[in-house]
Amino acid sequence: MELPAALRVAVDRALEGVALAELSAAASRLSQRYRAELRDGRFHVGDDRAVQAYLATRLPATYAAISSCLEAVTARRPDFSPASLLDAGAGPGTALWAAAETWPELAAATLLEGSAAFRDWGVRLAGDGALPPADWRAADLARPLPELPAHDLVILSYVLDELAPDRRGALVEGLWAATADLLLIVEPGTTSGYRRILDARDRLIAAGGHVVAPCPHDRACPLAEPDWCHFARRVARSRLHRQAKGGEVPWEDEKFAYVAVSRRPGLPIAGRVIAPPRGAGSRIDLRLCAPDGLDERTVTKRDGALLKTARRLRWGDALGNEPG
């Protein structure tokens, strides 16, 4: 997946003239903080150079993960057409770009972000990007949320891992109160990220929400440790991205865990592909999360049209209610 052209141009402009050595050093510091899930009272991205490192190395992957989640939402809620977005922990506005690409009719956005550097660069990136009007607000998500009107779509991406455990539940519940229709939460695709998603999922179901994605049901997750539910999206790396991270491969796989919960149920599906499909030709092995639990399914010629469908399925796709 690649960034929208307008965002790609804005990022390139933001990185013009930055010395590669400085960008690489800032990217290394940023990566260390993210991987350690460090909570020391400082923003991971607190100054201009850190923002530029984020734009070069993290924004493409974050955009890809959020976009993948929104694609899953549209499949189960084709009627969903949000007019307003609330993004909590907005960074440089990544989720706004992804939501506007998914729903061009999006009319307004409220973006909560504690880092002044992120807010400043978010406004700069928007520039002439034809994004809906955005109200950027300073907000420390480690504290109680300010009073917020309800928004059709609420997004919380890559934030819970930065908060103390005793703050996460209150934030999820506060954002649900500000959700008119759908709340999307995205976390790194690690076992700890998955556990944070499970906790949020449980809270939202208890509050009356309906899981739209990835789960095809609202029951307890059928996976048992050490297994965990996560997905991946391949991201194209720019030349500068590769140089800043000291890599040569022109792509990377961003792994993420997520849950999208709505006040309305989505269309039923037969299952979600929760591991890369195996096989080819006349035999495809699928691992599915189905409405009644895990489903390890082998699809062959005997399954008729389902085999043609199975050949096209990717990790994270929904399986419709095809016969067989």
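Residues are termed buried when their relative accessible area is under 20%, exposed when it is over 50%, and partly exposed in between, with a 1.4 Å probe and protein chains only. Helices (H or I, at least four residues) and strands (E, at least two) are DSSP runs, numbered from the N terminus. The model is predicted: local features need pLDDT of at least 70, side-chain atom pairs count only at pLDDT 80 or more, and totals for chains, interfaces and linings use all residues. Residues are numbered from 1 along each chain as its sequence is written, and side-chain values use heavy atoms, with hydrogens and water left out.

Helix α5 spans residues 94-102, and seven of its nine residues are buried, so the helix is largely enclosed by the rest of the structure. The buried residues in α5 are T94, A95, L96, W97, A98, A99 and A100.

Strands β7 and β8 pair in the antiparallel sense through six bridges; two strands are taken to pair if DSSP finds at least two bridges between them. In a regular strand the side chains alternate between the two faces of the sheet. In β7, the covered face carries F231, R233 and V235, while A232, R234 and A236 are on the uncovered face. The bridge partner of F231 in β8 is F256.

Aromatic contacts were examined next. Rings of Phe, Tyr and Trp (its six-membered ring) pair if their centres lie within 6.5 Å; planes under 30 degrees apart count as stacked, over 60 as edge-to-face and the rest as tilted. Five aromatic pairs are present in the structure. One of them is the tilted pair of F231 and F256, with 6.4 Å from centre to centre and 40 degrees between the planes. Because F231 lies in strand β7 and F256 in strand β8, this pair ties together parts that are 25 residues apart in sequence. F231 and F256 are both buried. The rings of F256 and Y258 are also tilted, because their planes are at 40 degrees, with the centres 6.0 Å apart. The relative accessible area is 3% for F256, which is buried, and 6% for Y258, which is buried too. F231, F256 and Y258 form one aromatic cluster.

Two arginines lie over aromatic rings. A charge is placed over a ring if NZ of Lys or CZ of Arg is within 6 Å of the ring centre and within 35 degrees of the ring normal. R124 lies over the face of W121, 4.0 Å from the ring centre. R58 lies over the face of Y158, at 5.5 Å from the ring centre. Y158 is not a glycine, yet has a positive phi of about 55 degrees. Y158 is found in the loop between β4 (151-157) and α7 (165-177), and is buried, with a relative accessible area of 12%.

The loop between β6 (210-213) and β7 contains P214, and P226 is in the loop between β6 and β7 as well. The peptide bond that joins A213 and P214 is cis, with omega about 0 degrees. A cis peptide bond also joins E225 and P226, with omega about 10 degrees.

Grid points are joined across faces, edges and corners, and a volume is the space filled by probe spheres set on the points. For residue classes, Ala, Val, Leu, Ile, Met, Phe, Trp, Tyr, Cys and Pro count as nonpolar, Asp, Glu, Lys and Arg as charged, and the others, Gly among them, as polar.

One cavity of 30 Å³ or more is found in the whole structure. The largest cavity holds about 160 Å³ of space. Of the 18 residues in its lining, Y194, P214, C215, C221 and C229 are the closest to the centre. The elements that give two or more residues to this lining are α8 (191-206) and β8, and α8 gives the most, with four residues. The lining of the largest cavity has 15 nonpolar residues, one polar and two charged.

The second largest pocket has a volume of about 340 Å³. Among its 17 lining residues, R233, R314, W315, G316 and D317 are the closest to the centre. Two or more lining residues come from each of α4 (59-76), β7 (231-236) and β8 (251-262). The lining of the second largest pocket has eight nonpolar, two polar and seven charged residues.

Technical notes
On a 1 Å grid over the protein atoms alone, a cavity is a set of points where a 1.4 Å probe fits but cannot get out, and a pocket is an open set with protein on both sides within 12 Å along at least five of seven lines; lining residues have an atom within 4 Å of a point.
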